[in-house]
Amino acid sequence: MPELGRAALIVCLGLAVYAVVAGAAAALRRNRRLAESAENAVVASFATALVASLVLLVALVQNDFGLVYVADHTSRELPLGYTISAFWGGQEGSLLLWLLILTGFSAAAVLLARRSAPSLLAWTVPILGGVIVFFAFMLVAVSSPFATQAAPADGAGLNPSLQNPYMLAHPPMLYLGFVGLTIPFAFAMGALAARRSDELWIVVTRRWTLLAWTFLGFGQLLGAHWAYVEVGWGGYFAWDPVENAALMPWLAATAFLHSVMIQEKRGMLKIWNVLLVIGSFALALFGTFLTRSGIISSIHSFTESSIGPWFLGFIGLVLFASIALVLSRLPLLRSKTRLESPVSREATFLYNNLLLVAFCLTILWGVLYPILTEALHGEPVTVGPPYYNFFLKAFGLPLLLLMGIGPLIAWRRASLRGLGRIFAWPASVALATGVLLVLLGAGSSIPGLVGYTFCAFVLASIVLEFARGTRARHALGSSSWTGALASLVGRNRRRYGGYVVHASIVLLAIGVIGSSAYDTVAEQRLRPGDTMAIGGYDLRYRGLEERRGANAQELRAVVDVSRDGERIGTLEPGKNRYFAEQQVSNEAAIRSDRLNGEDLFLIADQIDADGTLFLKGLVKPLVNLIWIAGFVFLAGAAIALWPDAREQRRLALRYGRAEALARA
Amino acid sequence: MLGVFLVYTSIAGGTPQLAPSELNGRTGQVTIVGKVVAPVQRSGRTIRFRIKDVEGGSSVRLPVTYTGSVPDMFRAGRDISLKGRLRNGTFVGASGTLVTKCPSKYSSKKET
C-alpha cells in the first residue's frame, strides 16, 4: 500500500510540472488546446492527491505501524476519531492535507472559471501548477508520509493535548483557510501576467477569498476555544507564534476584502490590492512554515528541520517573482480616480486598511524579533504579550470606531452637516452607554470603557443601517416588515452579510474586553474541607476522586460551588495520566452562566499525594460572547457568500464584453 | 512604521533569551533556556533543580528555584524556558513563566 501512496504523489508531481510547462507554453503561443490539457492536468492532480490521502487514512485506521508516520502518531488504544485526526497531527500528514486541499481548490477554481472567465486561466493555471509542484515535491523528496520500517508492537500515541474533539476540526479549517488564499493569489498573478487591467480577477475570486477568510477566522476561534477548555491555563489566546501564524494572513485578507470594494467601485488602490493578495498568500505560506519548521524554538532547530529551508526558499521565490511581475506591470495598475476628500467612505476604508496592515506588521515584527536579534547579536530577544496587547489597543480600538463610521459615511466627500445628521443617533447611544458603564463601575479599566463605548457606537450604526434600509423597502411596497427586511438582505447580500460579520466582531470585542479587562484571579492552597472565595463565588474543596478512563487514569478534585449561600453546582478540575503516552495533562473545569455569559474557571494546579490541592480560580465576565460571535460570524459570511443570480447577470454584462475581446 | 516598533521594542519590550552557560553572572531580567537536570526537589509550591545547556558540551549546571504553576510536561530531561533573574548565584524564576518546550507543538515524540 505505501507504494501506491508514493506512486500517486510522484504522478501528482508529474502532472503539476506538466501543468506549469504546458500551461506556460500554451499561454505564450495562445494555443487553446494545449491550455485545456494543462487545465486537465491540474484537475487530475486532485485525483492523485486523493488517492495518496486515502492510502494514509487506511493505514492510520488499520494501525499499520509499518509506516513510520502511523507508528509515531497513533497507538492501538487511541479512539478512532483521534486516529483519523493523526492525519494532520504531524508534519508529513499536514503537508499531504495541504496538497489535497490545494489540488481540490485548484481543480474546482479551474473548472468554474472555464465557464465564467476562460481567458483569465491562461497564466493562472501554470501559477497554480507551480504551487502544487512545490508541495508535491516536498512530499515526494523531502518529507514523505509513506516512509516504512519494521513494524513495532504499538505506536507512540498522539500528544494528549491533541486528543480533543476540536482537533478534528481546527487544523483542517486553518488549512482550508491557508490554502484557499492560493486561489486569489494565482488569479491576480495570472491576470497581471496576461496584461489585463480590469477587475475580472477580483470578481472571479471574491468568493474564494471570502471562503478562505471565513475558514481561517472560524478555525482560529475553534483553536481559541480548544486552548480555553483543553490547555487549561484560563485564557484563549496567548500571542504564541503558532497562533500569530494564522492571525497574520487573516488580518491581511481582511484588509484585502475591504480594499477590493474600493477598486471595484472607484478603480482605486490597484497596486495596494495586488500587494495585499501577495502578502496574504506569502503569510499563509509563512504560517505553515512557522508551525512546521521549528524556527520558533530556536534558529538552530530550524536548520535541523527537514522542510524549513525549503519553505523559506519557496516563500522567497514567491515574493521575488510576484513583486517583479507587479513592477513590470506598473502602468496597468494606475488608478482611474483619486481620493477626493480625507472624510469619505473611500478614506475610511483606506484608514481601516492601514490599521489592519500595521497591526499585521506589528505581529510579524514580534514573531521575527527573536530571530532577527539572534542573527544580529547572537542572543535572541523575545517580546511577550505586553507588546502585542499594547498594539492591539492602539490599532484595534480605532478599527472598532471605523467599523461604525465606514458604513454610514458618504462616498467621495462627506459634508460636516451630513456627518452630524448621520451620526447623531449612534453617537448619543454610545455616549449614553459610556455614562451607564461608568455608573456601573466599568471605569476600573479605561481601555475597556473606551472599547465598550465604541462597541455601542458600532452596534447602533449597524441597527440604524438595517432600520433605514428596511423602512425604505417597506415604503416601496413590501407587505410586512419581516418581508421588507428579508428582501433588503436578499438584494444586497454582500453588504448586509458584511454588517452581520461586523456585529460578530463587536460581540467578539465585548467578550475579549470583558474577560481580559474585568476578570478576577485567585489562587489558594486547600486541604479537604477548606473553602475559598472568588468573584462572588464560594468554593469548598470536598476531596479527591480517582477513576479509570478509556485511555487515561483520571484524578479529580471535587469542588462544591455556591453563590449567595445557595449551592449551584460541583466542579471537578483535575489531571489525566495517559497510559500509552506516559504524559500528564491538566483538565480544567468550567461553569458557564447562561444568563450573563460569565465563566467560573477552575484549575487544579498541583495535587499532592496527601490530598492537598493548589487551586487556581478565574472569573471571566462575558467570555461566552466570544464563542457566540463565531456563529454570528459564520451566519454573516454565509449571507455574503450565498450565490446571487442578479449579481451574476450584472457582472456578466459588465465583463462579457471584455471577455469577448480577450478571446478574439 | 518599522521605527515605531523598533523604538517600542527597545524601550519597553524584549527579554533576552540565554543558555545557562551564557548567563555569566548577569543580574538583569532574562529568559533562560536549558535542559532540566535531575534531581528535581519539591517543597509545597516551590521546586529546585539545575539546568544545563541544551546543546554543546558546557559544564555549567545553573541552580534554579521556582514557585508557581508547573506545566504538565515538566520533568528532568525536558527543555524549558523560564523568565527571571540571578540572585546570589541562584536563578530565581518568576511565577507563571515556566514553559516546557517540545520539538514541535504537534508532535509528542523524538525527545532528544
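Me: A crossing is left-handed if the near helix is turned anticlockwise from the far one by less than a right angle, and right-handed if clockwise. Which is the crossing of helix 1 and helix 2 of chain A?

Reply: Left-handed. Helices here are DSSP runs (H or I, at least four residues), as are strands (E, at least two), all numbered from the N terminus.

Me: Before I go on, what kind of model is this?

Reply: A predicted one: local features need pLDDT of at least 70 and side-chain atom pairs count only at pLDDT 80 or more, while totals for chains, interfaces and linings use all residues. Residues are numbered from 1 along each chain as its sequence is written, with chains lettered from A and ligands numbered from 1 in the order in which they are written.

Me: Back to those two helices. At what angle do helix 1 and helix 2 of chain A pack?

Reply: About 165 degrees, with the axes 8 Å apart; helix 1 covers residues 2–29 of chain A and helix 2 covers residues 32–61. That makes helix 1 of chain A roughly antiparallel to helix 2 of chain A. Axes are lines fitted to C-alpha atoms, for helices over the stretch in contact, and angles run from 0 to 180 degrees between N-to-C directions. Under 35 degrees counts as roughly parallel, over 145 as roughly antiparallel, 65 to 115 as roughly perpendicular and the rest as oblique.

Me: Ok, and helix 8 with helix 11 of chain A, what's the angle there?

Reply: About 140 degrees, with their axes 9 Å apart. Helix 8 and helix 11 of chain A are therefore oblique to each other, and their crossing is left-handed.

Me: Which residues meet there?

Reply: On helix 8 of chain A (residues 182–193), A:T182, A:P184, A:F185, A:A188 and A:L192 take part. Their partners on helix 11 of chain A (residues 270–293) are A:V274, A:V277, A:I278 and A:F281. A contact is two C-beta atoms, placed from the backbone, within 7 Å.

Me: Switching to strands: in what order do the 4 strands of the open sheet in chain A sit?

Reply: The order is 2-11-10-9, and the pairing is antiparallel. Strand 2 (520–526) and strand 9 (589–592) of chain A are the edges, each pairing on one side only. Strands pair if DSSP finds at least two bridges between them.

Me: How many bridges join strand 10 to strand 11 of chain A?

Reply: 8, between residues 599–607 and residues 613–620 of chain A. A:Q606, for example, has A:F614 in strand 11 as its bridge partner. Strands 10 and 11 of chain A form a hairpin with 5 residues between them, and A:G611 in the turn has a positive phi of about 90 degrees.

Me: And what about strand 9 and strand 10 of chain A, how many bridges?

Reply: 4, again in the antiparallel sense. A:R591 stands opposite A:L600 in strand 10 of chain A. Strands 9 and 10 of chain A form a hairpin too, with 6 residues between them, and A:G597 in the turn has a positive phi of about 70 degrees.

Me: Zooming out, how many helices and strands does chain A have?

Reply: 21 helices and 11 strands.
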